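Here is a short walk through one model. Keep the sequence and the 3D view side by side as you read.

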Amino acid sequence: MKQFTSVNDVENIDKLLQKALEIKANPFAQQEVGKNKTIGLIFFNPSLRTRLSSLKAAYNLGANVWVLNAGADSWTLEMQDGTVMNGDSQEHITEAIQVMSAYCDVLGVRTFPKLQNRDEDYQEVMFNKVKNLSSVPVVSLESATLHPLQSFADLITIAEKINYNPTEKLTKKVKVVMTWAPHPRRLPQAVPNSFAQWFTKVDWVDFTIVQPKGYELDEQFTQGATIAYNQEEALKDADFVYAKNWSSYEQYGEIIPQEKDWQITMEKMKLTNNGKFMHCLPVRRNVVVADEVLDSDVSIVIDEATNRIFSAQAVFHEILKGLK
Ligand code: CP
């Protein structure tokens with residue numbers, strides 16, 4: 001693997017899934033791969049899971065690791081090209097990324113969208129700038145439009161829960177429903193875009209996206225999914241319910257008020273096939289999902305967060321083993 005910016009960088013999803021499950025069963029078996037290697041992690045935005053799971057993944061591989069909160073821990077960075085830097089910015093991104101990539105063998109980067117200009121966000125201007133300036137392979141720790149390490153961890157979690165065995169054909173596809181849920185703030189589409197991009201490529205999954213009108217995601221990520229607008233109908237017989245808020249793609253970055261309550265409750269979970277509740281976290285309790293769901297056995301959100309270690313470790317392993 002040369003980089004990890006989306007599922008399109010994965011040659012064979014099933015093989016990578018097997019690798020992650022093997023790593024989880026024996027997490028310290030590949031320490032030769034990380035020996036004398038350094039993983040750098042740059043965060044332009046806050047994180048709990050991505051930061052700590054990536055650190056743990058690097059340690060498990062025997063690699064060195066450093067983390068930088070860009071802007072907060074370093075000089076204030078200038079992002080625009082051609083600027084006369086006589087204001088608050090002390091260092092340009094051009095030198096900063098070249099220098100930081102000289103200090104590591106793999107560079108992880110988190111860059112959220114501004115949700116102001118759809119073209120700028122969807123062209124991944126900021127993430128691509130970092131990628132193009134880096135002298136080493138880049139791993140997405142969540143970009144403006146995608147969060148592939150999260151989606152891969154979600155796939156690992158579902159595979160574990162159904163005891164997935166690639167050599168045995170499933171008698172029935174697994175029904176996974178991604179449902180829009182409420183939130184008081186304007187959130188990016190990176191998690192749902194990425195989840196859709198991965199799960200439309202998994203042939204043992206029957207994948208539905210249910211959302212209010214006006215919340216349709218960019219079709220480049222959702223082709224192959226069943227698109228629905230009635231949450232109760234869509235949840236019927238679901239094996240996994242993946243809740244997430246996102247702001248509108250059409251009315252870019254906006255919140256469109258809803259008359260119906262889209263929060264996931266135990267009553268709604270009872271419509272499913274003893275389905276499990278999933279969320280990438282952090283989650284707003286009693287807004288996105290009721291306490292009664294999160295605090296019950298139907299919730300597998302901690303399994304997902306735990307599997308963030310093994311999604312990162314499998315990806316770092318594949319990239320590091322390809323380095324000279
Ligand atoms: N799910 C996720 O990426 O969590 P953090 O934002 O805390 O890293």
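**A loop, a ligand and a helix pair**

Start with Pro282, which sits in the loop between strand E11 (276-278) and helix H12 (291-294). The model is predicted. Leu281 and Pro282 are joined by a cis peptide bond, with omega at about 5°. Most peptide bonds are trans.

Leu281 and Cys280 are among the residues around the ligand. Look next at the polar atoms. A backbone N or O atom of Cys280 is 3.1 Å from a ligand nitrogen atom. Leu48 places a polar backbone atom 2.7 Å from an oxygen atom of the ligand. Thr50 uses its side chain: a polar atom there lies 2.7 Å from a ligand oxygen atom.

Now turn to the helices. Two packed helices are described by the angle between their axes and the distance between the axes. Helix H7 (residues 148-161) and helix H8 (residues 190-199) have axes that come within 8 Å and cross at roughly 50°. H7 is therefore oblique to H8. Their crossing is right-handed. H7 contributes Pro148, Ser151, Phe152, Asp154, Leu155 and Ile158 to the contact, and H8 contributes Ser194, Phe195, Trp198 and Phe199. By type, the contact residues are 7 nonpolar, 2 polar and 1 charged.

One backbone detail remains. Glu124 lies in the loop between helix H5 (118-122) and helix H6 (125-133). Its phi is near 50°, a positive value in a residue other than glycine. Most residues other than glycine have a negative phi.

Terms used. Residues numbered from 1 in each chain as written. Predicted model: local features only at pLDDT ≥ 70, side-chain atom pairs only at ≥ 80, totals over all residues. Heavy atoms only, no water. Axes fitted to C-alpha atoms, helices over the stretch in contact; angles between N-to-C directions. Helix = DSSP H or I, 4+ residues; strand = E, 2+ residues; numbered from the N terminus. Parallel < 35°, antiparallel > 145°, perpendicular 65-115°, else oblique. Left-handed = near helix turned anticlockwise from the far one by under 90°. Contact = heavy atoms within 4.5 Å. Nonpolar A, V, L, I, M, F, W, Y, C, P; charged D, E, K, R; others polar. Near = heavy atom within 4 Å. Polar contact = N/O pair within 3.5 Å; in protein donor to acceptor, adjacent residues only side chain to side chain.
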